[in-house]
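Welcome! Here is a short briefing to read alongside the sequence and the 3D view.

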Amino acid sequence: MKKILLASTSTIYGGTYLSYLQEELAVFFANVDEILFVPYAQPSGVSYDEYTQIAQKGFESIGKKIVGLHTFENPKEAIHQAKAIFTGGGNTFLLVTRLYQFDLMGTLREVIESGIPYFGTSAGSNIAGLTMQTTNDMPIIYPPSFDTLGVVPFNLNPHYLDPDPDSKHKGETRETRIKEFHKLNDTPVVGLREGSSILFESNRFILKGTLTARIFLKDKEPFEATNEDFSSLFKQMDR
């Protein structure tokens, strides 16, 4: 049975890396002592080693060891042997390109479907959806496909921002961009606000945090979902 935690971001305003998720992570990873870290999204261009050290610091207070996937000669085997997996945020285009380049997308999907706990932040959450087409990131590299893991039956838009009526910026809002996506695609989209996460466990989707999520369905007006109704919204779509 799948066990998935998808966070909008790794760091909220005023906090440190993963600090706002510490209690949630302690429960989610309660039965494992070592987590395989996928550093391929490289935020701000940090090296794989630097990113793994950042991730390790984020897990120090709950006593978990982080091991970078890049340190293994056979990354497929490392994924198959992993007790749990964490994919960090950064650039989704780069992350997806590397997963295809190393032929790891299918392997990662397989172990998540088998029940290995999977935690993602930002880009790492994006790839849990059916495609990466609702990312906010710049296309700095061209992936072989926009198709991603598909371990949840929707796309995500992490870092979702509501329109600011007082803003002098008159460019497209996140809502506008997602509506453009739905002109050509049918996939539901979850706008995940900062400090929010989605837990899938025991065949239930649970929205964590204090905020609602913005739900976008093709040819329908967007609406807000709470943790009470989030599971019922998608439970019939889970494989």
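## Rings, a helix and its strands

A search of the whole structure finds 16 aromatic pairs; rings of Phe, Tyr and Trp (its six-membered ring) pair if their centres lie within 6.5 Å, and planes under 30 degrees apart count as stacked, over 60 as edge-to-face and the rest as tilted. This is a predicted model, where local features need pLDDT of at least 70, side-chain atom pairs count only at pLDDT 80 or more, and totals for chains, interfaces and linings use all residues. Residues are numbered from 1 along each chain as its sequence is written, and side-chain values use heavy atoms, with hydrogens and water left out.

**Aromatic pairs**

- F29 and F59 make an edge-to-face pair, 5.8 Å centre to centre with 65° between the planes.
- F29 lies in the loop between α1 (22-28) and β2 (34-38) and F59 in helix α2 (residues 48-59), so this pair ties together parts that are 30 residues apart in sequence. Helices (H or I, at least four residues) and strands (E, at least two) are DSSP runs, numbered from the N terminus.
- F29 is buried, with a relative accessible area of 0%; buried means under 20% relative accessible area, exposed over 50%, partly exposed in between (1.4 Å probe, protein chains only).
- The rings of F154 and F230 have centres 6.4 Å apart and planes at 80°, so they too are edge-to-face.
- Because F154 lies in the loop between α6 (123-126) and β6 (155-158) and F230 in helix α8, the pair ties together parts that are 76 residues apart in sequence.
- Ring pairs also link F28, F29, F37, Y51, F59, F86 and F119 into a cluster.

**Helix α8**

- In α8 (residues 227-234), the residues F230, S231, L233 and F234 are buried.
- Down the axis of α8, its buried residues fall within an arc of 160°, so they line one face of the helix; the arc is that of the directions from the helix axis to the C-beta atoms.

**Strand β10 and its partners**

- Both faces of β10 are covered, with A213 and I215 buried on one side and R214 and F216 buried on the other.
- Three bridges join β7 to β10, and the two run antiparallel; two strands pair if DSSP finds at least two bridges between them.
- Here G191 stands opposite R214 in β10.
- β10 and β11 are antiparallel too, joined by three bridges, and I215 stands opposite F223 in β11.
- The hairpin of β10 and β11 has six residues between the strands, and D219 there takes a positive phi near 65°.
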